[in-house]
Amino acid sequence: MQILRVAWALAGAAVGCLVVVWVHSHFLEEGQLAAGTCEIVTLDRDSSQPRRTIARQTARCACKRGQIAGTMRARPACVDARIVRTRQWCDMMPCLEDEGCDLLVNRSGWTCTQPGGRVKTTTAL
């Protein structure tokens, strides 16, 4: 009797796994992102000027309702749309943990200042 219960439990678990795989394959086609996630599509670096590197990256995001593509901890992420509308960039925590965030004077972006004094400036398009 105990073996029969274990067999039914294993069969139920296997069917459950197959259903999950089937749903995933039918609703998330190849190349689609899960809701609330982002991926970097392109990353270009220009180091032609001394002591300065210009980096441009393009991200693709599948954000949930009320969210928009942004930056969190120096990675692309879905953030609250209010942050972008009000241009309060530091509210999305775009810098790494040990860096300080400051808004640019014209609110077109932000700077991340590392403890050693190195500054990374990011402007939003």
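Select the lining of the largest pocket: its residues divide into 19 nonpolar, eight polar and eight charged. Keep in mind that this is a predicted model.

**The pocket**

Colour the lining by residue class and the 19 nonpolar residues stand beside eight polar and eight charged ones. In total, 35 residues line the largest pocket. Its volume is about 1,700 Å³.

Now go to the centre. Pick Ala-55, Gln-57, Thr-121, Thr-122 and Thr-123; these lining residues lie nearest the centre of the pocket.

Next, show the strands. Six to select are strand 1 (37-46), strand 2 (54-62), strand 3 (67-72), strand 4 (75-80), strand 6 (109-113) and strand 7 (119-123). Each of them supplies at least two residues of the lining. Which strand gives the most to the lining? Strand 2 does, with seven residues.

**First loop stop: Arg-73**

Move to the loop between strand 3 and strand 4, where Arg-73 sits. Check its backbone: phi is near 55°, a positive value in a residue other than glycine. Is Arg-73 buried or partly exposed? Arg-73 has a relative accessible area of 35%, so it counts as partly exposed.

Select the loop between helix 2 (81-86) and strand 5 (100-103) and pick out Met-93. Met-93 is not a glycine, yet its phi is positive, at about 50°. With a relative accessible area of 41%, Met-93 is partly exposed.

Terms used: Residues are numbered from 1 along each chain as its sequence is written. This is a predicted model: local features need pLDDT of at least 70, side-chain atom pairs count only at pLDDT 80 or more; totals for chains, interfaces and linings use all residues. Side-chain values use heavy atoms; hydrogens and water are left out. On a 1 Å grid over the protein atoms alone, a cavity is a set of points where a 1.4 Å probe fits but cannot get out, and a pocket is an open set with protein on both sides within 12 Å along at least five of seven lines; lining residues have an atom within 4 Å of a point. Grid points are joined across faces, edges and corners, and a volume is the space filled by probe spheres set on the points. Helices (H or I, at least four residues) and strands (E, at least two) are DSSP runs, numbered from the N terminus. Ala, Val, Leu, Ile, Met, Phe, Trp, Tyr, Cys and Pro count as nonpolar, Asp, Glu, Lys and Arg as charged, and the others, Gly among them, as polar. Buried means under 20% relative accessible area, exposed over 50%, partly exposed in between (1.4 Å probe, protein chains only).
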